[in-house]
Each structure stands twice: as C-alpha cells, then as structure tokens.
Amino acid sequence: MNQVVDFHRGIPFFTNWNPNFNSLTIPSQKSCFFRPNRTVYKLKRRSRSILFSSPVSKPVGKSEHSLVEKDPVCDGGQFTAFPHIQSLRNFPKEELFGKVVLVRFDAVILLHGNLSPPANAFSTIKYLYEAGAKVILVGSWNESTTSNESVAGFLSSNLEIEVVPVHSDVENSKKTSSILLLENLFGFKEERANCSKFAKELAYGVDIIVNDAFSESHRVLASTVGIARYSYAYIAGFYFEECLYKLKKIMETTEKPYFAIIGGGNFADKADALRFLVSKCDGVIFVGRMAFQIMHALGIRVPMKLLELGALKEAVSIVEYAKSRNIPLVFPKDVWCIEDRVPKKMEVFSVNSILEGWQPVDIGPRSLEEMILLLSGCKKIVWIGPLRFSSSKQDKGETFKLAEAVGTLSSCTTTYVGKMEFEKLQGKSTFFLNDNVLRSAAVVWEALQERNLPGLMALDRAYPFTVDWGVSYSDPTRPLVVDIGSGNGLFLFGMASTRKDMNFLGLEMNAKLVDRCLDDVRQLGIRNVHFITTNATSTFWSIVSSYPGELVLVSIQCPNPDFNKPENRWRMLQRSLVEAITNMLISGGQVFLQSDIKAVAVRMKNEFIEYGKGKLVISEHSESNNSIEWLKENPFGVPSDWENHVLDRGNPMYRLLLTKVES
C-alpha cells in the first residue's frame, strides 16, 4: 500500500418630543464607547476583540446572556471566528436607488484569459445597476496585457450594459446612464501602500462601496482596506460572499472522515497552515513536492534537489503532531519521472530509489490506485494546490485522474482550491465547476495560518443574531430610544423607570457591563429596557432596522477619544453610523450629544451636520446668533454615569440636541 505515516490501524471515522425625567441614582462608572477600528479595540490599555452577546430568544438567565458569540467554524478550537459582515444580499434594495456605488471588482477572476468567470462576479454589478444605483467600477490588472478600453469592452459584452472607461472628470461622467470604469489601480503605488489620501480620493462622492475582490482580501490595499473609512456603507458583493462561504466550509469539520489533499511546494512558508489542517482533518495526502519534505522528516532517502531549504524542522514538527493526533500523513509510494537529458523518456520509480538525473513529475499508478481506495469512504475532501505533481508539462495525468476520481465520490463534499489550469480542466471534465472551486489559493493559505484577512476585516459588521424583540420588550411596537456606549446603564435605567410608554436599548462594547445590566433587568423584571454587546459603529443598522417600532431618540454621551493616538482621535463617529441614525430616525426624532471635552462635542456636532445631509438641525434652544449655545442642563433630567462624575468634580458638560426635519 501507499507509504503512510500510519499511527493506528485503519482510517479513523470522525421624534420630536422633550419629556422631563426624574433622575435615578445608580453608582457611576465610566462608559465604554465604541471604537471605529473594525477589527481590534483598546479599552484602558487592554486589547480585546469584537464581542457579541447571545441572541434573545427566551427570558435571559445568567448562564445565557454572558455568552460570547461563537462561530460554528471554530469547532471549539483556537481558530478566530470569521466576522459577521454586511453583505449586498441583506442590504435593503431600496437604499441603493440613486446612490453612487463603487464596486471593487475581482480582476483576477473576471479577466483571467478565456476562463469562464463565476456568475456571481457579474451578478453584483447587474444587481446594483438594475436597482437604480450609479455604478462605478475599479480594479487592478496587469496593464501590460490589457488596456482600460479592452476591459470596458469585455465587461460591456458580458454585462450587456455599456461600460465606459473614465480617465478624468469623473463627476461629469456620473451624469451618464452608463457604468463607469475608473483607471487601472495596478500602476498606483498608493494602492499597495494603503495610502489614506488615495483611498479618500477613490471614495470621493461615493455613497456605498461594494467589495467583490475576494482574491485580494489577504492584502492591505487602499481600495479594499483604507477606503472603508470614507463611505456610508462598506459591504460584501455576491461573489465575495460566495467565496467566504466556501472558505468557511473548508474550516468546518462536521463532516467526517475529512481529508486534505495538498499539491505544490513551499513547505516552510505553509507550515502553519499545514499544522492547522493536521489539527482539523482526519488525514492529509501530499501529491506534490511537499511529499518529499515529509519523507525527509521520516528518514527516507530523498534526492537533495527535491529538498526545500528550512523545511526539515517544520516537517518533523508536523509529523510529530500528526502522530499525537493519531492521523495518517500519506505520500506517494511510486512516481513517474522524466530523464533530464531526454525529457520525453518517462519511467516509474519507487520514491526512495529515484536515480540521479531523473525528475519526478507525477504520482505513480500504484499510488493512484491506493489513494483512491483510501479516500473512498470520505465525507469531505479539500484539495489545495495544483492538479500537477510538478511544473513540468510532461506527465502521465495521474494526479488529474486522482482529482477526477475524488469528484465522483458519492456523498462526499469536495472543494478544489487554486487556479489549477482551470480553463483546461473545464474542458476535460464536468467535475470541475464554479460551485466546487475556490480559485483564491493565496487567501485560503493565509486563512489556514489563522491570520486575519484585511479585506474581510475592513467590511461593515452585521449583528450575527436575529433579536427577538417580543422577548426583549413587553410591547416591541413602542417608540425606541437607543443609547450608544451605554456603560453601566444609568441613563437608560433612569429613562425606563419614568417612561413606561417607550422602549430603551443600550449598545455597548464592554461585555462585562452588558452582563451586569442584563442581570439587573432580569432581577428587577423590567420589560422596557434591553442591552446588547456590540460595536454600534458597524452594527447599528443591522440591529435597529429589525425593530418593529419607531426610532425616536439616539444618544451618544461622553465618548472617550484616545489622545495618545492622534490618527484615531476623531474616528469615534464614522459616516456610516451617522447616516444610519439619520435615515432611521422618524421625522421629529432627536439626537442627544454630550461630552466633557469641548473639542469632542464640537466634532460630533460637525459630523452629524455634515453627514446628516440637511436632515438634522440644531434645536432652537441650542442655537444663539448662529453659534452653538451649549445646553446648561440635561434636557431629560437623567444623568449618565460619567456625567455624574464630571459634574461632581465641578467641570462643565457640553450638550447639544439635534432634530430631524423633512428635507
């Protein structure tokens, strides 16, 4: 049989109102306000990741509300869960009409020779255009082979919609009904440097950005990462979402036996990813040059020219890890080789007896037969890497036959990852379809090394659960008040105690504070206040949009800017949050802003006025002679926790009320 590092016998199976409120005394605690960094947040010098409270589907108990959201792809292991992102599929279609939408399309996929692109790669663009959006396309491709004009022609032909290349005067070009194609990003060094100025210029005049460039998601680019700060919404397109789904499926280990088949080389660079696969799979088969690194680690004689520098230590580590898990590592027993001097001459050799002057180019016939037998009982297989044993064009096609045999297995889910000469394979076999192929191998290798994908992490977050408002509130049709950065809930508990005709929702990043607030809600039996652990900057819309009642008030009180990091100082409010609040408030609804730092209060006011697009005005009692007159008293009579602390010190608070008016 095949040479298998077999550590066991057999294969394992595995609104416009201004009420007066009475204050409620609750011990004060500094509120933890949201941070706009979409991946990692700092709170009092401690690093933490985005947390979500468990969904409310029944009365919340101590053991339930304190849970941190767990992604099913984790399987209880160390792998970081994929973030729950906003996607075009879940974005309200009516919000697209009349909006300027920039699509970062995946040129690697769309412009790959004569290769048939996935349907979803075009569906994103068509959907946006048919929804009434003004669509602008931008991408990066090898400019030495393809001009902007030829790309525009290719896209026009496939979309059956005119795509016009634009080199300048983009603003005037927006007046046309055609889809616009911006200049190729390939030659711009600012793109690769993630230049914020360049990103801002790309997003100028754009309302929504859709990222469909999944194959670029492992890179930090201005068009996929830096641009996230400069739009109302930054969401995933249909193709991006499809690829992310396939990537998640690779990480899942619910179907067993689960085997990975690995082709290609560069063992040392991919060692962390291979270690992850060994930790999740029930067996790993090597069908490329990596196989010789495993053989070397086992003491099998291997020609020096087949060994990779720095691979031995990593290979030994992986062999030992597989042994500790009692899973097989499989490599070919025989290989087809070509003679260096006579390339057309081919012979089969045992892997430990390859003659000098001969080069392995394919797995041998016995290896093919035995590998197929080994995989016959699998329920899930992932093939990562080329369907060739080597880069040589001279082979017997045995590796391809193995891939084809894997595709015929009944009751087995198979995913092929990589380019794999896909164009030719589609003509040879019906088993290689867009549905079971993920072409972005570099992205997959990065994810398997348990590294964050910058292009993915930059996307807007979606709250991962459906909130059962009927459980959260006794009457979910009442007007809703939302406090962003609710801290220990002092403000909301005070409001809820006097206004039984309204519901109150606190959005807070600090999970411990939310746990305490939910404990109080449960113990006191309050049915008109609720708290959720989340980053409101990116999840506000996805949470509040499902609420059946009207949004009448949003408060943002005492955000805590990090003055030690000037570049982050004013990123407490982002355009996406301001516009979401503005759009969701009813006419006459209000925004209450306050801070003990005047510069912060002024900045918040300016952000809401700018991004409110004329829909938000300063309430009359907050304005005097066209200048701000800060409110001397809290208009609701209910202080927040930090507000109490500031007033106790004798320091001023800078308060402001904004009201939504009909535009």
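How many bridges pair strand 4 with strand 8, and in which sense? I looked this up before anything else. Strand 4 (residues 100-104) and strand 8 pair in the parallel sense, over four bridges.

**Ground rules**

I noted that this is a predicted model, where local features need pLDDT of at least 70 and side-chain atom pairs count only at pLDDT 80 or more, while totals for chains, interfaces and linings use all residues. Residues are numbered from 1 along each chain as its sequence is written, and side-chain values use heavy atoms, with hydrogens and water left out.

I also wrote down two terms. Helices (H or I, at least four residues) and strands (E, at least two) are DSSP runs, numbered from the N terminus. Two strands pair if DSSP finds at least two bridges between them.

**Entry 1**

I traced an open sheet of six strands in the order 6-7-5-4-8-9, with parallel pairing. Its edge strands are strand 6 (163-165) and strand 9 (233-236), and each pairs on one side only. On average, neighbouring strands here are turned by 25° against each other, direction ignored. For angles, I kept in mind that axes are lines fitted to C-alpha atoms (for helices, over the stretch in contact), and that angles run from 0 to 180 degrees between N-to-C directions.

Then I went along strand 8 (residues 208-211), which pairs with strand 9 in the parallel sense over four bridges. Isoleucine 209 has tyrosine 234 as its bridge partner in strand 9. Asparagine 211 has alanine 236 as its bridge partner in strand 9, and arginine 104 stands opposite asparagine 211 too.

Helix 4 (residues 148-159) lies across strand 5 (134-138), strand 6 and strand 7 (179-181), running at about 175° to strand 6.

**Entry 1: valine 210**

Buried means under 20% relative accessible area, exposed means over 50%, and partly exposed is in between (1.4 Å probe, protein chains only). Valine 210 sits at 0% relative accessibility, so I put it down as buried.

I listed its contacts next (contact means heavy atoms within 4.5 Å). The C-alpha atoms of valine 210 and leucine 88 are separated by 7.5 Å, though the two residues are 122 apart along the chain.

Helix 8 (residues 238-251) has 14 residues and reaches 20 Å from its first C-alpha to its last, close to the 20 Å expected at 1.5 Å a residue. That expected span is 1.5 Å times one less than the number of residues. Helix 8 is mostly covered, with ten of its 14 residues buried; among them are Phe238, Tyr239 and Leu244.

I found proline 257 in the loop between helix 8 and strand 10 (258-262). A cis peptide bond joins lysine 256 and proline 257, with omega about 0°. Asparagine 266, in the loop between strand 10 and helix 9 (271-280), has a positive phi of about 60° although it is not a glycine.

A second open sheet has seven strands in the order 21-20-19-22-23-27-24, and the pairing is mixed. Strand 21 (529-533) and strand 24 (616-618) are the edge strands, and the twist averages 20° from one strand to the next. Six bridges join strand 22 (residues 551-557) to strand 23 (residues 585-595), and these two run parallel.

Helix 21 (residues 575-584) runs at about 140° to strand 23. The axes of helix 21 and helix 22 (residues 598-611) come within 9 Å and cross at roughly 65°. At this crossing, Arg575, Val578, Glu579 and Ile581 in helix 21 meet Glu607, Phe608 and Tyr611 in helix 22.

Last, I checked lysine 613, in the loop between helix 22 and strand 24. At 47% relative accessibility, lysine 613 counts as partly exposed.
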